[in-house]
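Dear colleague,

Please find the structure below, followed by a short account of what was found in it.

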Amino acid sequence: MARPVKIGVLALQGAFAEHLAVLRQLGVEGVTVRLPEQLEGVSGLIIPGGESTTMRKLIDRWGLRDPILDLARSGAPIFGTCAGMIVLAKNIVDGDEPVLPLLDVSVRRNAFGRQLDSFEADIDVPMLGDAPVHGVFIRAPIVEHVGADVDVLARLDDGRPVAVRQRNIIATAFHPELAGETRFHRLVTTMASEHEDPAEGAGRRRHPTRREVGPR
C-alpha cells in the first residue's frame, strides 16, 4: 500500500504560506522545508514565489541543492511558481547561473516590469479543464524559449508561454495560489500519488496525467 502523500513547500523565503494553505484546503499534508532532512518522506515539492537571488543563496547555504535534485530525479513532482520558475530553469536570460536546472526553458526575470506593473489574468489551461485559471502576475518572469521535451500548458493572448511542464517538473510564471486557484496543486498531488504507487488508478504509465497541449 502506498504511504500517505506529503507535499513539501520550500519555506526559505517568499510566499510559501499560501501554498501550504491550498494544500490544507485540499486535505493534503503540507510540510515546510528549510533543511535537507525535512525532504525525507515527501512525495513532491513546491517552490514558491519570492526573490530568486535570495532563494539561490539560501538553497546553497542550507545544503538543499543536491537533495532537491535527487528528489526530482526520483520522479517526484516539483512545482515552481513565479520565482520558483526561475529557480527551476536551465537558462536565465539575464545572466545568472541556473540554480536547479531541471526545466529546459530560458526565462527572463521581471519581464512585465516592476511591482506597480503587477496584474491578474484569466488563462486557458486545457490540461486543467475548460474553465480558465485565474493567475496573479507579480514581477513575473516570462518563458522566452522551450526545449523539445517541454510542454507548453498555457500562453498569454500574445502567445508567450506562462505555464510549462517537462515530465515531473511544472512551472508557472504566475501565482495560482494567490487567486484561490487549486487545480495546479491538485495536479501535483495526483502526480505525487502516482509517484508513490505507479500501479494505482491509471495504470503503469510514468506520468498518466501528461497530455500534449498545443504547439511548442
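Which residue in E9 does Ser 106 stand opposite? Ser 106 faces His 145 in that strand. The model is predicted, with local features requiring pLDDT of at least 70 and side-chain atom pairs counting only at pLDDT 80 or more, while totals for chains, interfaces and linings use all residues. Residues are numbered from 1 along each chain as its sequence is written, and side-chain values use heavy atoms, leaving out hydrogens and water.

**The sheet**

An open sheet of mixed pairing is formed by 3 strands in the order E5-E6-E9. Strands E5 (89–92) and E9 (142–146) stand at the edges with a single partner strand each, so one side of each has no neighbour in the sheet. Strand E6 (residues 103–108) runs antiparallel to E9, and 4 bridges join them. Strands are DSSP runs of E with at least two residues, helices are runs of H or I with at least four, and both are numbered from the N terminus. Two strands pair if DSSP finds at least two bridges between them.

**Helix H2**

In helix H2 (residues 52–61), Ser 52, Met 55, Arg 56, Leu 58 and Ile 59 are buried, meaning under 20% relative accessible area (1.4 Å probe, protein chains only). Just after H2, Gly 63 takes a positive phi of about 65°.

**Gly 84**

Gly 84 lies in helix H4 and counts as buried because its relative accessibility is 0%. Leaving aside neighbours within four places in sequence, Gly 84 is in contact (heavy atoms within 4.5 Å) with Ile 47, Pro 48 and Gly 49.

Yours sincerely

Conventions: Buried < 20%, exposed > 50% of the residue type's maximum accessible area, 1.4 Å probe, protein only.
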